[in-house]
Amino acid sequence: MPADPAVTHLEFPEGRIAYRLLGDTGPPVVLLHGGGLDNSTLTWGRLARELAVGHRVHSPDLPKHGGSWPWRALADQRALEDLVPRLLDHWGLRSATLIGLSLGATTAIGAALRHPQRVDRLVLTSSGGIQDRVPGAGRHELAWLALRTPLSRLITRSQTAATLARHVRGFPFADDVPAQERERLVAGIVAEHRAKRDGHMFSDWNRVEIGFRRMRTDHRPELHRIACPTLVLHGAADAVVPVRYAREAASLIPGARLVVVEGASHSAPMDHPTQVGAAVREFLDQTRDAAPGA
């Protein structure tokens, strides 16, 4: 596979976006990672290299993640949706396939709904924005409270490298994920935690979109308007967005395909990368004619 690419920086009025480019030919693909302790390399580093054989891969760190600092504006749902066409313009892309995890997936949905001419295909992995509440009795209100300042700062500061390492090592890793790969994730997540410059390990999306009683972003009433080929990819053991929401979302998107990865968590690309990569590549191969950049 191609080597890890160099990081390039793009300056917007709000701040800096770091991104990586891989691959020289084929349809353009944009990888959008999750929120909080995540960045493009943690979630998509392996898949980016795999897809670079036959695709032009664009892998940005979303605002206030990875190398995308400083960022002097709120990175909520609307701001992230608006960021997608701005990035496409910078890369000279009329349209692209969007592949997202969690925060990245709800961003991809919003971009497809608001800018349908810019989105060729969608892969929605462990998608946010498809439920009305954080699951579990009373957990939504607790999540809302935990995200308030200064509580979220206290939670962030209470996390140590040791506690984060135990958390990551407790992922339900597939048997084919080697120890070296697991330790790379541990090191990457610990480094991301240390780099949070505003004192929050939670994303702006978490703090804004988890409202007092319900989620402020719930795409389900609009999913019938998505017209591009779509893969809904979800871990069977996802406790953050239970798989029933993915099944519902797939039923609401015309022609959508659903793949449930047995044993995988909300971080399916990390703990089951082989299965996730195979499902994504198969979908892209089968829908290649739908990508104008092919």
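Which residues make the nonpolar surface patch of about 260 Å²? The patch is made by Leu 145, Leu 151 and Leu 154. Patch members have over 30% relative accessible area and no salt bridge; like charges are joined within 9 Å, nonpolar side chains (Val, Leu, Ile, Met, Phe, Trp, Tyr) within 5 Å. Accessible areas follow the Shrake-Rupley method with a 1.4 Å probe, and for residues only the protein chains shown count as cover. The model is predicted: local features need pLDDT of at least 70, side-chain atom pairs count only at pLDDT 80 or more, and totals for chains, interfaces and linings use all residues. Residues are numbered from 1 along each chain as its sequence is written, and side-chain values use heavy atoms, without hydrogens or water.

Leu 151 belongs to helix H5 (residues 151–158). Helices (H or I, at least four residues) and strands (E, at least two) are DSSP runs, numbered from the N terminus. Leu 151 is partly exposed, at 35% relative accessibility. Buried means under 20% relative accessible area, exposed over 50%, and partly exposed in between (1.4 Å probe, protein chains only).

Eight strands form an open sheet with mixed pairing, in the order S1-S2-S4-S3-S5-S6-S7-S8. Pairing requires at least two DSSP bridges between two strands. Strands S1 (8–12) and S8 (257–261) are the edges, each pairing on one side only. The twist averages 20° from one strand to the next. S7 (residues 230–235) and S8 run parallel, joined by five bridges. Here Leu 233 stands opposite Val 259 in S8. Helix H11 (residues 273–286) packs on the sheet and touches S3, S5, S6, S7 and S8. Its direction makes about 170° with that of S7. Axes are lines fitted to C-alpha atoms, for helices over the stretch in contact; angles run from 0 to 180 degrees between N-to-C directions.

Glu 192, in helix H7 (residues 179–195), is buried at 4% relative accessible area. Beyond neighbours within four places in sequence, its contacts (heavy atoms within 4.5 Å) include Asp 38, Lys 64 and His 65.

The whole structure holds 19 salt bridges, each a side-chain nitrogen of Lys or Arg within 4 Å of a carboxyl oxygen of Asp or Glu. Glu 50 and Arg 46 meet at 3.3 Å, N to O. They are four residues apart in helix H1 (residues 40–51), so about one helical turn separates them. Arg 220 and Glu 248 meet at 3.0 Å, N to O. Arg 220 lies in the loop between helix H8 (204–209) and S7, and Glu 248 in helix H9 (residues 243–252), so the pair ties together parts 28 residues apart in sequence.
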